[in-house]
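Hi,

Here is the structure I promised to pass on. Have a look at it first, and then read my notes below.

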Amino acid sequence: MQRVKVLVTLKPSLLDAQGKVVQDGLHALGYDNVESVRIGKVVELNLTDGTVNVQEQVREMCQRFLANTVIENYDIEVLN
Amino acid sequence: MSRTPRFGVLRFPGSNCDQDAYHVIKDILNCDVNYLWHAEPDLKGSDVIVVPGGFSYGDYLRCGAVARFAPVMEEVRKHADRGGIVVGICNGFQILCEAHMLPGALVRNSNCKFICRHVKVRVENSNTPFTAQYSKGFVAKLPIAHGEGCYVADEEILAELESSQRVIFRYTSSSNNDDDGNPNGSLNNIAGICNEGRNVLGMMPHPERACNPLLGSADGLPLFNSLVLAKQAAGR
């Protein structure tokens with residue numbers, strides 16, 4: 001089994017409304033040094049052994065489905 | 001006897017405005033209408049396709065992201081490519097953006113809240129098959145009900161939408177202050193746009209819930225009447 005972790009985040013140019021609310025919450029708890037918070041999604045994929053071109057295939061999955069590249073960036077981490 | 005055009009209302013698991021749209025088309029417009037099940041690639045001869053509101057496939061991953069791949073959507077795309085009329089309302093708008101049939105995307109409301117209330121939207125362009133029965137500048141009272149209705153697109157696309165008069169509906173207030181009337185943070189106060197071919201409309205407000213004064217407003221009805229007249233004119 002090959003494990004891949006995909007991190008999907010809103011593009012920096014877009015207001016992350018959830019992140020802003022969480023930032024306000026952290027400030028309310030006294031963490032005044034928090035300058036910004038961005039919230040994303042983690043997608044964990046388990047691929048069958050012997051899958052070739054893992055990076056390339058997962059990039060295609062991101063482009064077609066896992067991320068909306070109009071508003072999101074993605075990061076692929078192949079774990080083993 | 002039913003009038004033309006023939007409407008098709010898409011149904012995904014999680015659609016919840018399909019019956020409202022069906023009711024308006026059948027009982028108020030007196031037109032032919034069929035439900036179109038997401039798994040069947042068949043538009044049943046529909047002239048006008050309505051992609052209704054709701055939470056298709058639970059809106060998992062992103063709103064509209066899964067619905068975009070439904071078998072029926074390939075047929076909807078072909079219909080639009082032929083110049084056929086498609087109207088996406090609320091979740092339908094999100095689906096059409098995910099399917100790249102409309103530019104941009106809809107993200108979480110800027111106040112992070114699900115907003116369910118009537119808003120004011122101005123008809124910015126009445127020279128479309130969707131709005132011919134409105135006068136330009138008419139301010140309609142329509143309900144919204146969404147958590148992810150904040151329209152975003154890059155500057156180039158926004159400029160293109162504006163210069164080609166493809167912003168069809170814009171949020172405004174009773175004192176005509178668009179920024180004050182914007183409920184969700186949408187760029188340029190956009191409530192609804194159409195594609196380049198002017199045959200695909202996406203909008204966050206719900207015209208199908210505003211077709212009877214008993215429900216608080218009938219300002220959505222001219223949109224449906226426009227569709228009927230556009231199709232009848234095209235068929236002559």
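Predicted model: local features only at pLDDT ≥ 70, side-chain atom pairs only at ≥ 80, totals over all residues.

Strand β1 of chain A, residues 2-10, is joined to β2(A) by eight bridges, and the two strands run antiparallel. Zooming out, the open sheet of chain A has three strands in the order β2-β1-β3, with antiparallel pairing.

Helix α2 of chain A (residues 54-66) lies across β1, β2 and β3 of that chain, and runs at about 155° to β3(A). Overall, chain A has two helices and three strands, which follow the order β-α-β-α-β from the N terminus on.

As for the overall dimensions, chain A has a radius of gyration of 16 Å, whereas a compact globule of 80 residues would come out near 12 Å. Along the principal axes, its C-alpha atoms fill a box of roughly 50 × 25 × 15 Å. Of the 80 residues in chain A, 15% are buried. If you take the contacts in chain A between residues at least 6 apart in sequence, 65% of them join residues at least 24 apart.

Now over to chain B. Its open sheet has nine strands, in the order β2-β1-β3-β4-β11-β10-β9-β6-β7, and the pairing is mixed. Which strands are at the edges? Those are β2 (31-37) and β7 (139-146) of chain B, each of which pairs on one side only. The twist here averages 25° from one strand to the next.

Within this sheet, β1 of chain B (residues 3-11) pairs with β2(B) in the parallel sense, over six bridges. B:F7 has B:V33, in β2(B), as its bridge partner. Helix α2 of chain B, residues 71-81, lies across β1, β2, β3 (48-51), β4 (85-89) and β11 (200-203) of chain B, and runs at about 125° to β4(B).

Last, the place where the chains meet: 11 residues of chain B are in contact with nine residues of chain A. On the chain B side, the residues touching chain A are five nonpolar, three polar and three charged.

Cheers

Note on methods
Residues numbered from 1 in each chain as written. Chains lettered and ligands numbered in written order. Contact = placed C-beta atoms within 7 Å. Nonpolar A, V, L, I, M, F, W, Y, C, P; charged D, E, K, R; others polar. Pairing = 2+ DSSP bridges. Helix = DSSP H or I, 4+ residues; strand = E, 2+ residues; numbered from the N terminus. Axes fitted to C-alpha atoms, helices over the stretch in contact; angles between N-to-C directions. Rg over C-alpha atoms; globule rule 2.2 N^0.38 Å. Buried ≥ 20, exposed ≤ 12 C-beta atoms within 10 Å, placed from the backbone.
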